[in-house]
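Q: Please take one part of this model and describe it closely, together with what lies around it. Plain terms will do, with the cut-offs stated.

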Amino acid sequence: MARIVYLDQNAWIELAKGSWEKERYPKEYEALAKVVDLVRSGSIVVPLTFANIYETLKTNVPGRRVNLALVQSLISGGWVFRGRRRVFTETLAAYLATKSEILRPDLPQSWFLSDVWLEAVADYTPEIYGLEVPARVINSIQRDPGRALFDCLAFSDDDFRRGVIQRYSAASADLIARIEYRRARVASEPISVRKRAYGAGLIIDEFDFILSIAQDLGLGWSTVSDIGSSLIRSIAVDVPVLNIERELAVRLEDQGRAISENDLRDMMSFITVLPFADIVVAEKQFVNLSRQARLDERYDTRMLTSIFAFLEDEG
């Protein structure tokens, strides 16, 4: 069975150097060749996240963007990790069903992956996206996911790219402002208290959604009392999406610096990747934060800070 490998954008950039100029970047060229061999042999699959797609779209130098898009499309095959909402939906439903002793069909083995690149943001429905994507377009993407992803990353017009960047940056700025406000209020509290407070905030934010999932399962819940205090507290600890966010966010707050848009993207990637990836290659900060929280142990994920370290282990 193929291992699932997540590469953050820095790792992708290293691989892209290898395709850009073999003589100038021999180490990166060798790494790229090894990764391609591992993918072609079926040893690994390397899906992308929204952060990978966004950061490639954000690359303003056309030649670099095309080169990076080509490497990502070739190695990923156009496959992506699904977005936070789908992962939260399925893992929450499975958790509540288990706790309530409700039989529920098993999900397909790789349900958390999609061959439609736009589902790195959210599963496509007209209601979620606010527009109707013709079935022929979705079918075309699924016929050749890698080519569809490459076309989007390499050849999107500048108006589209600027629109994506502006909308994401505006939403990120709003979220960072709320995080910094909360951070200032709880700065003097120990980490155990901050974790409980952050978990409670997540439950409050998602309470209506939790009730809707429960109702889909046939549970007649409408209040916190219906759920029970013990179960409501355990959701933020036992459901991966919430637990990973809680553990990383409170530790990120301890860094003694302003939280950045890049931090948010890295955290969102880890939220959707850590429960499923066998190997994560990412920058030191989030690898260290994850290890401090023992998330690597909890989700049985090997964490590395260099694509070269990964390939050394592969022999």
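A: **From a loop to the sheet and a helix**

Arg294 lies in the loop between helix H15 (284-292) and helix H16 (295-298). Helices here are DSSP runs of H or I with at least four residues and strands are runs of E with at least two, both numbered from the N terminus. The model is predicted, so local features need pLDDT of at least 70 and side-chain atom pairs count only at pLDDT 80 or more, whereas totals for chains, interfaces and linings use all residues. Residues are numbered from 1 along each chain as its sequence is written, and side-chain values use heavy atoms, with hydrogens and water left out.

The phi angle of Arg294 is near 60°, a positive value in a residue other than glycine. Arg294 is exposed, its relative accessible area being 55%. Exposed stands for over 50% relative accessible area, buried for under 20%, and partly exposed for what falls in between, with a 1.4 Å probe and protein chains only. Asp300 sits in the loop between H16 and E6. Its phi is near 55°, again a positive value in a residue other than glycine, and Asp300 is exposed at a relative accessible area of 63%.

Two strands count as paired if DSSP finds at least two bridges between them.

Strand E1 (residues 3-7) is joined to strand E5 (residues 279-281) by three bridges, and the two run parallel. In that pair, Leu7 stands opposite Val281 of E5. Two bridges join E1 to E2, also running parallel, and here Ile4 is opposite Val45. Four of the five residues of E1 are buried, which leaves the strand mostly covered.

Phe270 itself is in helix H14 (residues 261-273), and it is buried, with a relative accessible area of 3%. Glu245 is 25 residues from Phe270 in sequence, yet their C-alpha atoms are 8.4 Å apart.

H14 also meets H3. A pair of packed helices is described by the angle between the axes and the distance between them. The axes of H3 and H14 come within 8 Å and cross at roughly 145°. Ala51, Tyr54 and Glu55 of H3 make this contact with Glu261, Arg265 and Ser269 of H14. By class, that is two nonpolar, one polar and three charged residues. Ala, Val, Leu, Ile, Met, Phe, Trp, Tyr, Cys and Pro are counted as nonpolar, Asp, Glu, Lys and Arg as charged, and the others, Gly among them, as polar.

On a 1 Å grid over the protein atoms alone, a cavity is a set of points where a 1.4 Å probe fits but cannot get out, a pocket is an open set with protein on both sides within 12 Å along at least five of seven lines, and lining residues have an atom within 4 Å of a point. Points are joined across faces, edges and corners, and a volume is the space filled by probe spheres set on the points. There is one cavity of 30 Å³ or more. The largest cavity, of about 50 Å³, has Leu264 and Met267 among its lining residues. Helix H13 (240-252) and H14 each give two or more residues to that lining.

The largest pocket has a volume of about 1500 Å³ and a lining of 43 residues, with Arg84, Tyr168, Ala171, Leu175 and Met268 nearest its centre. H3 and H14 are among the elements giving it two or more residues, while H9 contributes the largest share, 11 residues.

Definitions and conventions
Axes fitted to C-alpha atoms, helices over the stretch in contact; angles between N-to-C directions. Contact = heavy atoms within 4.5 Å.
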